Amino acid sequence: MQRHLGPWVWVMGLGVASLGQAQGVRGLGMGGLVLPGPEAADRNPAYAAYPSRFGKMGGALPLGLLRYLPVFSDTSPFTYYTDPQAFATGFDVLAFYDQFAHLDTFLLNPARSPEEVVFRIRADRLEVTDGQGNPLDLSFGFGATGPEPTLLLPELFGIPLWSGKEAYLRLGYLYGIESVRVAPSPELAQALSGGGLEACRQDPSPCVLSATVRAAQGLALTLGWAAALPGQLYVGVRGQGFYGFGYAELSAKARPLFNENGSPMGVDLWAEGTFISQNRGYGLRGDVGVVWDLGPATLGLGVQNLLGLVVWEGTNYFVIDQNGPSGGFPFRRSGGPFAPVFFLNGAYRFEDLGLLVGADASFGSVAPSAHLGVEYALGSTSLRAGVGYEGGLRFGLGVGLELEGLGLDLALTRHEAPLVGGGVYGLALAMRF
């Protein structure tokens, strides 16, 4: 038997991304690389005292917002008001998410939802495919890997309150996605790979497909210290107190149902959602970092959330299962005290060749990612290329131009389309005065 599901059911947990997650166009042209320098201070507090020796990354223009003009019916919800028929036939939820998750890039071919998603239960195996029988990517995610909330949110903006020679105090607004996960349970993964249905024939079945997103917002007071030590060594520590006033957690799950004889008889679908908006979140976090300046080379190690605590309290807004909708249950989520995220990056400049090589990696309590990029200076022009992994393969090609009083950065990017797989290409642009 088979069960057809609207594509939005599978991406309902994907949510939206924040502008604070955007990378510099120079880094996008190098495969998403984060070079050593002050721009990396959010991941390694020691960079707050480190000079920008490898040049600035440069912010990106939010070209992705252009795709929310009504002329782009596949990604713009505003088409609903200008041309309801084009919206009804052309709007694509997965394309909307893919573009919103990359607002620093104008996507040339955003991910397209399959016309139908089929959860097919055969006698000896499970299949999850699109309408044409193509398998879907059921292991997609970024951000925190655990079930607990974190304070690893991007800072959209910060207001300096005090700054000394080596210390600083800042008030910032944090907003963004903590994690996005689409993943099968181990039993389901085994069944999908042809391992049989024996493990699934239980009540309830452990073969579960889950999609979850967690997002939050709030104000943070950050106190930091960073300084240069003898031997070209830089160190930094940072403490952050968080006052949250918005939290959302959405999840959707599906699992097969079997009768008493072990024969498949249907699919059980249910969803949960929690929204908190009454000042019920708080937390503390501590970060440390060190940077070694080795002349033409630099190596940095930052540890975010070395020690931390975060608590959200409120009411479970809704639950939907085979018994229908319900909600209003007390809700509490807490995380800590030890869920570190390690960020390692470095770069080496070959002065005689005009070549810069850099690499970075993140791991720990977040989905692992890594990037490798190069930049070649040719007069006032810089040529860039790089590869990376962020839940899938990505690469970048870029060029930088230094004109009279103006710098331009242009990048062509590629990332893996969520759920359906395949490459998505985009263009990014930055201007420096």
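The model is a predicted one. Its chain of 433 residues is 47% buried, and it carries 6 helices and 21 strands.

**Nonpolar cores**

- Start with the largest nonpolar core, which has 25 residues; Leu126, Leu138 and Cys200 have the most contacts inside it.
- Two or more residues of this core come from each of α5 (93–100), β4 (126–130), β7 (167–184), α6 (186–192), β8 (209–229) and β9 (233–258).
- Beyond its neighbours within four places in sequence, Cys200 touches Leu126, Glu187, Ala191, Ser205, Pro206, Cys207 and Phe258.
- Another core, of 15 residues, lies apart from the largest one and includes Tyr47, Tyr50, Ala347 and Leu356.

**Helix α5**

- At the start of α5, a side-chain oxygen of Asp92 comes within 3.0 Å of the backbone nitrogen of Leu94.
- Leu94, Ala95, Tyr97, Asp98 and Gln99 are the buried residues of this helix.

**A buried glutamate**

- Glu375 belongs to strand β17 (residues 369–378), and its relative accessible area of 7% makes it buried.
- Two arginines meet its side chain: Arg26 through a side-chain polar contact of 2.8 Å, and Arg384 through one of 2.6 Å.
- Leaving aside neighbours within four places in sequence, the contacts of Glu375 also include Met30, Gly354, Leu355, Leu356, Ser382 and Leu383.

**Aromatic pairs and charges over rings**

- The count of aromatic pairs comes to 19.
- Tyr68 and Phe96 have ring centres 5.6 Å apart and planes at 70 degrees, so this pair is edge-to-face.
- That pair bridges distant parts of the chain, as Tyr68 sits in the loop between α2 (25–28) and α3 (79–82) while Phe96 is in helix α5, 28 residues apart.
- Tyr68 is buried at 9% relative accessibility, whereas Phe96 is partly exposed at 22%.
- Tyr173 and Tyr175 give a stacked pair, 6.4 Å centre to centre with 10 degrees between the planes; Tyr173 counts as buried at 17% and Tyr175 as partly exposed at 29%.
- One aromatic cluster is formed by Tyr68, Tyr80, Tyr81, Phe87, Phe91, Phe96 and Phe100.
- The charged end of Arg43 sits over the ring of Phe343, 5.2 Å from its centre, and Arg67 lies over the face of Phe106, at 5.2 Å from the ring centre.

Methods
Residues numbered from 1 in each chain as written. Predicted model: local features only at pLDDT ≥ 70, side-chain atom pairs only at ≥ 80, totals over all residues. Heavy atoms only, no water. Helix = DSSP H or I, 4+ residues; strand = E, 2+ residues; numbered from the N terminus. Buried < 20%, exposed > 50% of the residue type's maximum accessible area, 1.4 Å probe, protein only. Core = buried A, V, L, I, M, F, W, Y, C linked by side-chain atoms within 4.5 Å. Contact = heavy atoms within 4.5 Å. Polar contact = N/O pair within 3.5 Å; in protein donor to acceptor, adjacent residues only side chain to side chain. Phe/Tyr/Trp six-rings, centres within 6.5 Å; stacked < 30°, edge-to-face > 60°. Lys NZ or Arg CZ within 6 Å of the ring centre and 35° of its normal.
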